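Have the sequence and the model open side by side for this one. We'll go through the charged pairs, then a helix, then a few single residues.

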Amino acid sequence: MNPPSLGEIVVFDLETTGLDPWQDRIIEIGAVRLVNGEERESFRTFVDPRGPLPSEITSLTGITPDDLIGDPLLAEALPRFLEFAGN
């Protein structure tokens, strides 16, 4: 008996400057495309938050302000992620 097909899904994770959705900003987008439960492709980008990165977030995520220098703004990073994610 064959296991049922799980199909294709994209699982994603966001890192942010904090927990307030009205104030805090995305600093990293990571995603994996799974086909029938197996990783086929991945996506990762840092995002310039255009503001300070709290030291608590650096301690939690390991992401430093230097990691974000020269990275795309969300207006550029989000369309790239959506293209990766597809339908």
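## Ground rules

A salt bridge here is a side-chain nitrogen of Lys or Arg within 4 Å of a carboxyl oxygen of Asp or Glu. Keep in mind that this is a predicted model: local features need pLDDT of at least 70, side-chain atom pairs count only at pLDDT 80 or more, and totals for chains, interfaces and linings use all residues. Residues are numbered from 1 along each chain as its sequence is written, and side-chain values use heavy atoms, with hydrogens and water left out.

Two more terms will come up a lot. Helices (H or I, at least four residues) and strands (E, at least two) are DSSP runs, numbered from the N terminus. Buried means under 20% relative accessible area, exposed means over 50%, and partly exposed is in between, using a 1.4 Å probe and protein chains only.

## The charged pairs

How many salt bridges does the structure hold? There are three. Side chains of opposite charge can pair when their charged atoms come close. Take Glu8 and Arg33: their side chains meet in a salt bridge at 2.9 Å, N to O. This pair links distant parts of the chain, with Glu8 in strand S1 and Arg33 in strand S2, 25 residues apart. Glu8 counts as exposed at 52% relative accessibility, while Arg33 counts as buried at 11%.

Arg33 also forms a salt bridge with Glu41, where the closest N and O atoms are 3.0 Å apart. Glu41 is partly exposed, at 38% relative accessibility. Put together, Glu8, Arg33 and Glu41 are linked in a network of salt bridges.

## Another bridge, between S2 and S3

Arg44 and Glu28 bring their side chains together in a salt bridge too, at 2.6 Å, N to O. Arg44 lies in strand S3 and Glu28 in strand S2, so the pair ties together parts that are 16 residues apart in sequence. Here Arg44 is exposed at 58% relative accessibility, whereas Glu28 is buried at 13%.

## Helix H2, inside and out

H2 covers residues 74–85. Its 12 residues should span 16 Å at 1.5 Å a residue, and its end C-alpha atoms are 16 Å apart, which agrees; the expected span is 1.5 Å times one less than the number of residues.

Which residues of H2 are buried? They are Ala77, Phe81, Phe84 and Ala85. Seen down the axis of H2, these buried residues fall within an arc of 95°, so they line one face of the helix. That arc is taken from the directions from the helix axis to the C-beta atoms. The buried residues of H2 pack against strands S1 (8–16), S2 (26–35) and S3 (38–46), with contact meaning heavy atoms within 4.5 Å.

On the face of H2 turned away from the buried side you'll find the exposed residues Ala75, Leu82 and Glu83. Just after H2, Gly86 takes a positive phi of about 65°.

Start with Ala85, in helix H2, which counts as buried at 19% relative accessibility. Leaving out residues up to four places away in sequence, Ala85 touches Val10 and Arg33. Ala85 and Glu39 are 46 residues apart in sequence and 13 Å apart in space, C-alpha to C-alpha.

Next, Thr45 sits in strand S3 and is buried, with a relative accessible area of 7%.

Finally, Val32 belongs to strand S2 and is partly exposed at 25% relative accessibility. Beyond residues up to four places away in sequence, Val32 has contacts that include Ile9, Val11, Glu41 and Phe84.
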